[in-house]
Amino acid sequence: MLRPSSAAISAATALIVGNPLIGFICGYLYTRLFLQGAFVRSYHGSLRETIQEVLSKPDHSVSPPIGEPSVPSEQDRESAQRILDAVPADKASDVLPTLARLATEYEALRSAMPFGIERTLRMRGVAARMKWLGLAAVPFVRQLSQSASPGERLAALKFLQMKFDPAYIDWLAERIVKEAVFIGYQAASALQARAQAAGRLEAQQIKTAVRKMLEGDAADDRANINISSQIGHVGAPERSVYCMTKHAMEGLTKAAAIEFAPRIRVNTVAPTFVDTPMTQPFFENEHFRNWVFDRIPMGRLLQGEQVAAAVLYPASPAVAMITGTSLRIDGGWTA
């Protein structure tokens, strides 16, 4: 009987010991990969669900009073915090695909929808959802602010409304004069809100940046449009204070047109009564209804969309020599 060599005994021993060890290692690695994949799938599923749940909520914010900035509400901060809590610090980029979809949606609305209240409301809804991603996406503000996409630059603005960074003061001031009106308004809101809350030095820095931008070459043909009224041109019974304030608006417009020329044109749009939920109860009074319609040769009330369309006229660069005047859309009341 042949005696096995030492080498054969060593090989056999290695196989007997090694096979279970290799099996154990393979089993361990497989289990680890499986569990890791399950955790990753669970994380991404949870993040998607959180984002979808937060972004599906209606935006209950209301337009701020005239002259006041648009600032994040308590609901905005709660929604943004929920998304931030769902995203680990090293995975902030996981919100970027959702952000890209919102940027594309904004650009589609801006290019496809006609000017009007519905278009503005739809764009506001997109901007609100961008804002809710703001705390989680703060690391990408620089990248978004340098983007060629208007939608991504809007996102950067909304993030800065949620978490202001003084390093972007000049960039925000630049947006006021270089972007479309909707984005310019968001930039102005971010700066105005910060100026009201900041210390004296930072507030002065904001004012200086805005003034520099308004006086620069990029600010050619900027238009300021005040909303006045037909009552700013005539008198009316039982409306002394209203007449006084609207006449004052017309006077302020004329003075400001001279003071701000040649960089900024200043005009007013002076509508008659507009058919809105606020005014409709007034017309249930037959005496008041007759008094109004007897003074409007066109025989009907103004619609909100018609006011918006009238504002576009003095805002257009096509009328770059019109300043200090009032566009009356009163159906002939003051004729």
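In what order do the three strands form an open sheet, and is the pairing parallel or antiparallel? In this predicted model, the strands follow the order 1-2-3 and the pairing is parallel. The protein as a whole has 12 helices and three strands, and 37% of its 335 residues count as buried.

**Overall make-up**

- Among contacts between residues at least 6 apart in sequence, 72% join residues that are at least 24 apart.
- The protein exposes about 19,900 Å², and carbon and sulfur atoms supply 60% of that area.
- Seven salt bridges are found when the whole structure is searched, and several of them are described below.

**The sheet and the helix across it**

- Strands of a sheet pair through backbone hydrogen bonds, in either the parallel or the antiparallel sense.
- Here the three strands form an open sheet with parallel pairing, and strand 1 (222-227) and strand 3 (326-329) stand at its edges, each with a single partner strand, so that one side of each is left without a neighbour in the sheet.
- From one strand to the next, the twist averages 25°.
- Strand 1 pairs with strand 2 (residues 264-271) in the parallel sense over six bridges, and I225 stands opposite N267 in strand 2.
- Helix 12 (residues 304-315) lies across strand 1, strand 2 and strand 3, and its direction makes an angle of about 155° with strand 2.

- The side chain of E179 makes polar contacts with two arginine side chains, that of R153 at 2.6 Å and that of R175 at 2.7 Å.
- Leaving aside residues up to four places away in sequence, E179 touches R153 and G184.
- R175, which is buried with a relative accessible area of 7%, also forms a salt bridge with E174, where the closest N and O atoms are 3.3 Å apart.
- E174 is partly exposed, at a relative accessible area of 24%, and its side chain meets that of K178 in a salt bridge of 3.1 Å, N to O.
- K178 and E174 are separated by about one helical turn, because they are four residues apart in helix 7; K178 counts as partly exposed, at 48% relative accessibility.
- R194 and E202 form a salt bridge in which the closest N and O atoms are 2.6 Å apart; R194 is partly exposed with a relative accessible area of 28%, whereas E202 counts as buried at 16% relative accessibility.
- Salt bridges that share partners join R153, E174, R175, K178 and E179 into one network.

- The side chain of S149 reaches the backbone nitrogen of E152 at 3.1 Å.
- With residues up to four places away in sequence not counted, S149 touches A103 and E107.

**E250, in helix 10**

- E250 is found in helix 10 (residues 240-260) and counts as buried, with a relative accessibility of 6%.
- Although E250 and T268 are 18 residues apart along the chain, their C-alpha atoms are separated by 7.0 Å.
- When residues up to four places away in sequence are not counted, E250 touches S228, S229, G232, H233, T268, A270 and S326.

Conventions. Residues are numbered from 1 along each chain as its sequence is written. This is a predicted model: local features need pLDDT of at least 70, side-chain atom pairs count only at pLDDT 80 or more; totals for chains, interfaces and linings use all residues. Side-chain values use heavy atoms; hydrogens and water are left out. A polar contact is a pair of N or O atoms within 3.5 Å; within protein, one must be able to donate a hydrogen and the other to accept it, and residues adjacent in sequence count only if both atoms are side-chain atoms. Contact means heavy atoms within 4.5 Å. Two strands pair if DSSP finds at least two bridges between them. Helices (H or I, at least four residues) and strands (E, at least two) are DSSP runs, numbered from the N terminus. Axes are lines fitted to C-alpha atoms, for helices over the stretch in contact, and angles run from 0 to 180 degrees between N-to-C directions. A salt bridge is a side-chain nitrogen of Lys or Arg within 4 Å of a carboxyl oxygen of Asp or Glu. Buried means under 20% relative accessible area, exposed over 50%, partly exposed in between (1.4 Å probe, protein chains only). Accessible areas come from the Shrake-Rupley method with a 1.4 Å probe; for residues, only the protein chains shown count as cover.
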